[in-house]
Amino acid sequence: MVFKFSNYILFFVFALSFINIKAQNLSNFRINTFSTNNDTIYIDSNAIILSSVKVFDLNNNIVNANVYKINEFRSFLYWKEKPNSDSIKMEYRIYPYQFSKRVFTNDYNKYKNYKNNVGFLINTNIEDNGRTESGFIDFGKLSYDGDFSRGVSFGNGQSLNLNSSFNLQIAGNLTKDIEIKAAITDNNIPIQPEGNTANIQDFDKVFIQLAYKKHYLKLGDFDIKSPESYFMRFQKNLQGLSYWGKQNIGNKYALNAMANISITRGTYTLQNIVAEEGNQGPYKLVGANGETFIIVLSGSERIFIDGELLQRGANKDYTIDYNLGEIRFTAKRLITKNLRIKTEFEYSANNYFRYMYHVNAGISNKIWAFDANFYSEQDVKNQAINQDLSQDAKNVLINAGDSLNNAFVSGVNASSFDNNRVLYEKIDTVLNGNLVSYYKYATDSTKQLYALNFTFLGEGKGNYLPIQSVANGRVYAWNAPQTGNILQGSYEPIVLLVSPKQKQLLTTRF
């Protein structure tokens, strides 16, 4: 029992001594003696706290601070004027780090010469004195260009905003046989290029293209043109996946193939423009369903005068404003009323989610050739984009069948009073012995008011006409029909529903 107790006492004394040693080592206070033979004294391996430094001579007298200077981050002292004593004593405290020390995962100096030959990224395996080290990613002989930025904007009239931008263009060979081209960006540019030059640049095209011998695969934004075919001719701006390639079969035959699966960026339409004598423009382009406010996809238009394809450009035949959908003809093309002007273009006014796929395959030799094309473009009827279809509206479309001009729904919606909107009140009257209801512009907040959407039906096909008003918007007034139910207006408070469309075509050629 005595033996065990004495062992505990010895262990306890040893533990206290160990803790005391550790506590001393954890202290950042240092006292060291240095020789004054050199002009510069290296003080410590860590950065020192300048305010804690005290310098004494051998007689413990404080050395005047004007005769020396200390670099606290590099931890050295150099003399402006050496003291008379051969050595000095210093008291100081240290930081746990040496701030001047370079810290890195991969030493750039090792690869500086290699970088100039390969590019901005560095080979994964670099030999250093026979030893292989792991470096950065190897992009081989790719050429690149782009930028990456992050920024903050603020001001007395706006909140703090974080801005970012990333653009990268790559071209080169991934391997000996596989070539890559890519344009990658996270910018969303809501504008289109101006249509006053023969060649235009699309700012927002994002794609990756891989090529292997005579085979090409592209993912992203791309343009396609139809292969040679008498019946199937098209030109589309698409987003999706595209493949085209050629493969020789022996020495006699060649196999060609093309496949595109994509989301369409726009709706294709044709329009005949009625020329006016001496009017060079602008001539307004409208959508397939009569839409007047459309954005034409850049480069998708083809303009014909008397069957001749015109060229775009300020010094050519015409210019076009894609955002306004307007065409102006240059002085090179004088417009007269006898000209036949035909346009075909795509515009971004999809009412439904629309997808498209096209397949072309052919085989040929020196004597004959055969190919087949299948084209399909259709709307997804259950995924409307620009219109909200209620169940009643869907029933109207179902019952309309092929008579799409009859697919109307009411454009009347009850609304609360709003001084900034054009609202109407409902009025009942008797006309030719029959009870008739119509709507009249009103500003009385005590009455039940309605918001109306009007559609132009043509002269003599409606009961409403626009009138002059100081209201904040266009105001329509009801005109009573004359005897024999002859309508006196051109508008009605109804909305024409846009139905989902489908196009399919199969062609062969020998």
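These legends walk you through a few views of one predicted protein model.

View 1. Welcome to the overview, where 33% of the 510 residues are buried. Among contacts between residues at least 6 apart in sequence, 62% join residues at least 24 apart. The accessible surface comes to about 33700 Å², and carbon and sulfur atoms account for 52% of that area.

**View 2. The second largest pocket, with a volume of about 740 Å³.** Take a look around its centre, where R233, F234, Q235, R302 and E344 lie nearest among the 30 lining residues. Elements giving two or more residues to this lining include β14 (235–249), β18 (302–305) and β22 (340–347). The most comes from β35, with three residues. By class, the lining holds 13 nonpolar, 11 charged and six polar residues.

**View 3. The largest nonpolar core, made of 19 residues.** Here L285, I327, F329, I335 and I341 touch the most other members. At least two core residues come from each of β18, β20 (318–321), β21 (326–329) and β22. Of these, β22 gives the most, with three residues.

**View 4. The surroundings of I335 in that core.** Leaving aside residues up to four places away in sequence, I335 touches I305, F329 and I341, as well as Y283 and A275. The partners of I335 also include E276, E277, G278, N279 and Q280.

**View 5. Another core, lying apart from the largest one.** This one has 16 residues, and you can pick out V63, V67, I88 and Y92 among them.

Conventions: Residues numbered from 1 in each chain as written. Predicted model: local features only at pLDDT ≥ 70, side-chain atom pairs only at ≥ 80, totals over all residues. Heavy atoms only, no water. Buried < 20%, exposed > 50% of the residue type's maximum accessible area, 1.4 Å probe, protein only. Contact = heavy atoms within 4.5 Å. Areas by Shrake-Rupley, 256 points an atom, 1.4 Å probe, with all protein chains shown as cover. 1 Å grid on protein atoms, 1.4 Å probe; cavity = no way out; pocket = protein on both sides within 12 Å on 5 of 7 lines; lining within 4 Å. Points joined across faces, edges and corners; volume = space filled by probe spheres on them. Helix = DSSP H or I, 4+ residues; strand = E, 2+ residues; numbered from the N terminus. Nonpolar A, V, L, I, M, F, W, Y, C, P; charged D, E, K, R; others polar. Core = buried A, V, L, I, M, F, W, Y, C linked by side-chain atoms within 4.5 Å.
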